[in-house]
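Open the model in your viewer and keep the selection panel at hand. The tour goes chain by chain, then to the cores and the contacts between parts.

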Amino acid sequence: MIKIQNLTKTFGAYKAVDNLSLDIAAGEIFGFLGPNGAGKTTTVKILSGIMKPAGGRVLVGGYDIVESPLEAKKIIAYIPDEPFVYPKLTGFEFLRFIGDIYSVPYGEQAGRIPELLDIFELSAVSGELLEAYSHGMKQKLLIAGVLLRKPRVALFDEPTVGLDPKSIRRFKELLLDIARNGAAVFMCTHILDMAEKLCTSVGIIYRGSLIAKGTVAEVKKMASGGSGGRSLEEVFLELTE
Amino acid sequence: MLNLLFKRKMLAGKNRLAALKGWPLAKNLAFLSVGLVMLLALYAGFWRLLNYLEGVQVIGPMLSWKLTSMVLLITFSMVIVSSIIISMTTLYYSFDLKFLFSCPIDLRVLFLDKAFETVFYSSWTLLLAVFPYIIALGRVKQLDPGFYFSYIFVIFPFVLLAGSFGILFSMLVMYLFPSSKTRDITWLMGSLSVSFVYVAFRFTKPEKLLRPDALEVVAQYINYLQSPTAPYLPSWWVTKAMVSYSAGNWGAFFSYAGVLFAAACAVYVLMYYLSGIIYMKGFSGAQNSPRFRGKTRLLPEQKLALRYAGFKDLLTCYWKDRLLLARDARYWSQAILIAALIVVYLFSIRQLPLDTQDLKSLVSFLNIAVAGFVVAAIGLRFTFPAVSLEGNNYWILKAAPVTAALIMKEKLLISLVPSLLIGAVLIAFSNRLLGADLFISVLSTCTIVIAAFVISVMGIGLGALFPDFKVENIHQLESSYGGFIYMACAMGYLSLVVGTQAWPVQMHFAERFGRVHPWDWRGVALCAAAYAILNAAAVVIPWKLGLKNLERQDI
């Protein structure tokens, strides 16, 4: 579903992503790990089409994100690391805007929006302006927006930042649902425990280059030729030292 | 601690200057040069005016000092209004406030830091604009360089006092009504006050100052000149200090300067004391948003989208922007200022001393350029910033399946209606007030409608060519390099529009004066072709450049 071939991104002389290649199948939850400044956010921005690569190719659902951005974006849902939303729209209006722009039929919106607001416990504040929402509430609203459009590819950049424990648990369940429905999930995260329990495969990026890739068990074995008995956190720290 | 807070501002400024290299440096230097040229032009204008006034027999020196007191009074009022609007942001909504409040800093010291910041931002542009006047005054009155130092000496407490009014007002209002709604109401009240002062000032017909014959009795005129403009306001104390300096009366100069400094010290000591009691409550309340109950019914644009599916994306972006604009108090305050501008504009047209019908028609034709300038200036506030004001939220549209062209078209659609309306209203009413003939009326109305469209397209195109998604407010965009390019392009376009139509208009007047065969149809065709090419170029070039840039813009 997501095919990344020799992806490169430079900012002046600085190489943020260096010759990255990845394949993520439908139904797969891919955890993209790496220390701060390793190139995770840059990669996910390129996948979402909001940043152009300097080299290489990205195919999403068979569409080249540079050559056919509209077709690709129709099947992508993306949540950035900072939940910026229109402060003068209400929660309900924001979801309606997302529904309209991603061509979710009005009939479906009418049923799904109240349901999603309910799931994320936002019904009581759905008529309030978003400038009054907390960071976590905005994050939940964005996740609701992802679910509203039923994407074939979901891209998340640190999706659980600001969420309360109950919402994190709900998010994990929904993530599994999205994947079960056949979507590919690409998630940048620093929460290694979540990646270990949730992701079907992980990749570790360090200084722009992919240094490990595979299932969690496979990656664990890569470090120091280990037996795989250590936690993902220990392996991550060893690889990125 | 206050030293440390000042130091952080100095360091930020120093780093910003140090980062200016290559193209940004060249751009800023070019900008600075244009600013200097404008200040020189202001100086030349002031010098001519003051020279004329000073040359009036017997009352000349009185006239120039009277004008100085009026200039200072207007500056004082404008700083007060600016400080009301700016202090709301600096004292309660600055991006660094949450951090500063969490630091172990005395609340009153933090308040003083923000108060001085308010005074600086609300006065620097006005002081810069007044400076050419002061230089011209010194030159015309042949005063020594010490006069300028004495001005700088007394202007310091003057702006501190003017700024304190706005700061005190905001602090008290926020203390009594601690809510973000208070900020919106204050902004609206601020704009209403500016509009009122502006309209009232224009309606007093200040041009009478230059026409002593307008007042019936000479003694009445001299009394008017000798009377203080506002005896209890610092603007009058500054005027008196400057008059005293120029007369070599040191005692009077220091007594007025002393009054200014003593008043400033007293007010700031009072505010320092008050801030310890009331600032925190206001800041805390500013974080509260009032309850808002949005509706869930289908919007008119959504109903239209159901009928015309091909326009769904455009209509979706349109309703989003329509709601955002309608709910933002900043736009309402801008709209109030524009309404005042239109009233003053039409009043000024009515006051023009034009005697003949032909002269009135000629002025109606030239009025296209002036009305076009007003449309362009309004576009600088609304149209040019439209793309950039997506701000941090631009990721939503960039990640969505909509093209950059659609985003620009929708922004154009939003801006077009007010631009066309304002242009058409200005020209239609001006033509009526001037009694322009039918040919000029039709020509000017059609021209302004086309010009409003072209200038709007230019604004969106250049706004997309010079976007700044990190910007915090419209003023930063207006005074940006891109804003300057937009205004220069709009001015150039309007000059060429008047140029291409001048010849046919000349033929029209020749016909009115009774010339046989006044119309050279080949000339008319040539002008029409030049006008068509000009409009096509003014639409296509900025639009294409902006679109290309927006498409490749990374976030």
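**Stop 1: chain B**

Select chain B: 34% of its 555 residues count as buried. A residue is buried if 20 or more other C-beta atoms lie within 10 Å of its own, exposed if 12 or fewer, and partly exposed in between, with C-beta atoms placed from the backbone. This is a predicted model, in which local features need pLDDT of at least 70 and side-chain atom pairs count only at pLDDT 80 or more, while totals for chains, interfaces and linings use all residues. Residues are numbered from 1 along each chain as its sequence is written, and chains are lettered from A and ligands numbered from 1 in the order in which they are written.

Switch to cartoon. Chain B shows 20 helices and zero strands. Helices (H or I, at least four residues) and strands (E, at least two) are DSSP runs, numbered from the N terminus. The C-alpha atoms of chain B fill a box of roughly 75 × 65 × 50 Å along the principal axes.

Now colour chain B by domain: 60-286 is domain 1 and 300-552 is domain 2. These bounds come from an automatic or database domain assignment. The C-alpha centres of the two domains of chain B lie 35 Å apart. Twelve residues from domain 1 of chain B and eleven residues from domain 2 of chain B make the contact. Two residues are in contact if their C-beta atoms, placed from the backbone, lie within 7 Å.

**Stop 2: chain A**

Select chain A. Here there are nine helices and ten strands. The radius of gyration of chain A is 18 Å, close to the 18 Å from the globule rule for 241 residues, so chain A is as compact as a globular protein of that length. Its C-alpha trace spans about 55 × 40 × 30 Å along the principal axes. Buried residues make up 49% of the 241 residues in chain A.

Zoom to helix H9, residues 232-239 of chain A. Its buried residues are A:Leu232, A:Val235 and A:Phe236. Seen down the axis of H9(A), they fall within an arc of 100°, so they line one face of the helix. The arc is that of the directions from the helix axis to the C-beta atoms. What do the buried residues of H9(A) pack against? Show strand E3 (29-33), helix H7 (192-198), strand E9 (201-206) and helix H8 (216-222) of chain A.

**Stop 3: the cores**

A nonpolar core is a set of buried Ala, Val, Leu, Ile, Met, Phe, Trp, Tyr and Cys residues joined through C-beta atoms within 7 Å. The largest has 136 residues, and A:Val153, A:Val185 and A:Phe186 have the most contacts inside it. Helix H17 (residues 438-465) of chain B gives the most to this core, with twelve residues. Apart from this core lies another, of 53 residues, among them B:Ile85, B:Ile134, B:Phe158 and B:Tyr279.

**Stop 4: where the chains meet**

Show both chains. In contact are 27 residues of chain B and 29 residues of chain A. On the chain B side, select H12(B): this helix supplies the largest share, six residues.

Key: The radius of gyration is taken over C-alpha atoms; the globule rule is 2.2 Å times the number of residues to the power 0.38.
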